[in-house]
Number of protein chains: 2
Amino acid sequence: MIKVGIIGVGTVGTSVVQILKENASVISARAGVDIVVKSGVVKNLSKKRDLDIVLTDNVDDVLNDPEIDIVVELMGGVDEAFVVVKKALANKKAVVTANKALLAYHRYELQDMAKDIPFEYEASVAGGIPIINALRDGLSANHIESIMGIMNGTCNYMMTKMTNEGVAYDVILKEAQELGYAEADPTFDVGGFDAAHKLLILASIAYGIDAKPEDILIEGIQNISQFDIMFAKEFGYAIKLLGIAKKDGNEVELRVHACLVPQTQMIAKIDGVMNGISVVGDKVGETLYYGAGAGGNATASAVVANIIDIARSGKSRPMLGFDKPLEGKLTLKSTDNIKSKYYLRINVSDKAGVLARITKIFEDNNISIATMLQRPCSENSANLLIATHTSIEKDIQAMIQQIAALDFVNFTPVMIRIV
Amino acid sequence: MIKVGIIGVGTVGTSVVQILKENASVISARAGVDIVVKSGVVKNLSKKRDLDIVLTDNVDDVLNDPEIDIVVELMGGVDEAFVVVKKALANKKAVVTANKALLAYHRYELQDMAKDIPFEYEASVAGGIPIINALRDGLSANHIESIMGIMNGTCNYMMTKMTNEGVAYDVILKEAQELGYAEADPTFDVGGFDAAHKLLILASIAYGIDAKPEDILIEGIQNISQFDIMFAKEFGYAIKLLGIAKKDGNEVELRVHACLVPQTQMIAKIDGVMNGISVVGDKVGETLYYGAGAGGNATASAVVANIIDIARSGKSRPMLGFDKPLEGKLTLKSTDNIKSKYYLRINVSDKAGVLARITKIFEDNNISIATMLQRPCSENSANLLIATHTSIEKDIQAMIQQIAALDFVNFTPVMIRIV
């Protein structure tokens with residue numbers, strides 16, 4: 001029998017307890033042993049919970065319990081969780097975590113500590129989708145050319161609703177908050193930080209690259225309006241917040257931002273609160289993984305799969321997929337050097353000569369325009385919606401500054417990269 | 001160093017040799033050891049091959065080679081391959097196979113023999129998509145409610161072309177043959193048998209159920225015409241050949257046939273030669289896996305991933321996902337008892353009273369009509385295109401026989417089940 005201790009018995013932790021109980025028979029048949037949750041750590045012992053496990057408010061009751069084989073860390077946060085997980089590993093307990101923030105900052109230190117101890121984290125990226133499994137084991141024969149993922153259900157829900165129902169960003173954010181998809185302070189989701197944590201974990205498995213959130217380009221969906229969606233529809237795109245990892249020679253681009261994605265691509269077809277991750281390998285071509293990226297049961301499904309895997313084998317594959325360092329190590333590409341096509345929305349006062357001035361600036365910056373629409377915005381202003389040919393990030397950024405400084409431009413142009 | 005012997009060095013075998021050579025550096029970093037192909041078995045030694053391995057036409061040169069750790073079986077077929085694989089296991093060599101036919105017939109015998117020896121077969125289902133990995137390991141916490149898969153790229157290519165370009169079945173079959181997607185005798189693909197082999201493998205992992213191709217319902221796409229596609233488009237469906245496994249109480253339905261799938265479902269959005277498999281778990285909800293289901297490199301990607309996994313762990317997880325039998329074993333549902341909505345195309349001579357006679361037969365069989373279209377077919381005949389409410393397979397089959405026997409009905413009605 002394998003005994004599990006859970007640190008943090010909230011929504012996901014409760015689902016873990018329930019799944020191990022409700023599906024005990026099939027889980028036991030698959031694992032070859034019975035798996036039971038012995039104890040759980042909670043902050044507030046007086047809160048009523050209908051769970052058939054021992055509860056404590058002292059993490060050491062779990063970490064030092066010689067009967068516990070696997071510690072499941074579901075407390076969230078970075079520093080405190082890091083201390084707890086290190087102690088579990090020091091006590092030779094296998095660890096399963098769903099904590100993406102912990103891994104975004106400390107995955108390589110944890111890998112060093114977990115050399116001979118199973119450490120699994122399937123639930124940390126895209127909830128119930130077994131993407132760690134697929135990328136680390138299923139696609140291991142491939143050089144990974146790119147990863148493009150819808151890894152934040154909140155943003156995808158909002159973008160889908162804005163597209164299908166024509167509602168404004170603020171309206172749909174409020175709805176997402178009421179539905180519990182977005183927090184009171186939604187920045188972590190809509191600002192792209194949640195997706196960035198997940199992207200960094202996948203990038204380590206794909207490329208062996210160590211980067212932290214502050215090292216990479218992270219933008220959100222806060223500036224997207226119905227004008228952008230109208231443009232996207234007119235030219236056959238969907239707007240998605242994507243986490244992108246892309247290999248270019250010996251460099252890897254890592255970035256999170258809104259994208260215009262051709263509607264014909266599979267990733268553009270993923271709507272609502274669902275997640276989906278497209279991975280291109282040099283041999284397998286494109287594969288895509290779709291499912292629920294959040295929710296108690298979906299996330300717990302991944303946690304329990306990790307527990308079963310540890311119970312089955314008792315042995316860990318290399319935590320981040322590399323058993324020894326990659327020859328000719330890949331480095332992080334500077335954001336300045338990203339190449340992309342770009343879409344710009346430039347809000348201008350509706351005066352004679354404006355279009356000539358703007359297009360001249362494009363020409364001066366050597367940025368070539370692919371398509372343009374002009375749409376009235378208010379009585380005295382218009383939106384110029386412009387898509388460029390492939391350009392370089394630093395040139396676009398410089399040009400945006402020049403355009404923003406013009407007296408007839410009403411605010412800093414909104415930019416969306418085109419996939 | 002891990003040494004591999006390949007039995008059958010055709011398209012996939014050649015790709016395996018090439019991947020292990022071209023991607024040797026990243027594979028070695030992931031596996032922790034170097035992996036090399038030592039030797040390969042071919043039928044015709046005089047055929048020129050540009051491969052850097054020892055070739056032989058005697059399987060025993062590989063099977064009895066004490067230096068070989070892993071035998072990769074890519075010879076295809078059932079009986080001879082079964083002999084070869086059994087001998088490899090008897091010689092304590094790990095086995096990797098892409099042979100779906102072998103597994104469709106002998107997977108349980110092989111599991112019994114492979115208790116302490118790694119035996120992997122990721123490439124046998126959906127080529128490069130790591131679906132075995134996902135189902136066996138990633139979703140192991142779940143009772144699997146259903147599997148619906150586009151598991152034959154040839155059929156999906158043909159259905160997509162018929163839908164998008166309005167071409168007839170015979171025309172597109174010829175094109176598929178010229179492109180190498182379909183064999184000279186296309187029955188194995190278009191008749192659903194290839195998909196059935198794959199479905200049986202997945203059903204064992206999901207449900208622990210032992211069934212052979214002759215035990216289950218297998219139909220193909222040969223009777224589908226532009227009339228059916230017109231109906232599908234009009235009512236918001238795509239037509240797909242699906243392999244379906246579905247749990248209903250203690251019974252499991254296993255069936256392969258063309259389906260009308262609502263266009264809003266992810267599986268309906270998978271077009272062209274690509275494969276995609278939707279799996280619904282009781283906890284995780286729907287997940288979907290998409291990618292190339294065939295081709296040398298995509299299939300070899302899965303074969304090499306299995307080799308890496310064996311090199312990493314040296315230990316097999318339970319081959320078919322169950323370490324011990326499932327309590328309350330599931331049994332195969334009789335085809336007669338399948339419940340579905342049905343679409344029928346009934347070709348009738350265009351005479352007075354025909355519609356009344358047909359609809360009376362529906363009423364007599366207690367089958368309720370949901371929608372109906374009548375379309376002229378030739379000068380003297382018309383197609384009645386009818387969708388039913390949920391009905392029982394044996395009632396539909398009985399009614400089809402009654403309708404086929406009518407003097408004004410020109411041939412046995414074509415039936416497509418509706419998902």
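Analyst: Two strands pair if DSSP finds at least two bridges between them. Helices (H or I, at least four residues) and strands (E, at least two) are DSSP runs, numbered from the N terminus. This is a predicted model, in which local features need pLDDT of at least 70, side-chain atom pairs count only at pLDDT 80 or more, and totals for chains, interfaces and linings use all residues. Residues are numbered from 1 along each chain as its sequence is written, while chains are lettered from A and ligands numbered from 1 in the order in which they are written.

Strand E12 (residues 285–292) of chain A and E12(B) run antiparallel and are joined by three bridges. Leu288(A) has Tyr290(B), in E12(B), as its bridge partner.

The contact as a whole draws 54 residues from chain A and 54 residues from chain B, where two residues are in contact if their C-beta atoms, placed from the backbone, lie within 7 Å. On the side of chain B that touches chain A, at least two residues each come from helix H2 (24–31), helix H6 (131–138), strand E12 (285–292) and helix H12 (296–313) of chain B. H12(B) gives the largest share, 10 residues.

Chain B is superposed on chain A by a rotation of 180° with 0.0 Å of shift along its axis (RMSD 0.0 Å), fitted by least squares on the C-alpha atoms of residues with pLDDT of at least 70 in both. The two copies are therefore related as by a two-fold rotation axis. Tyr289(B) has the C-alpha nearest the axis in chain B, 2.4 Å from it. Both copies use the same surface: 100% of the contact residues of chain B recur in chain A.
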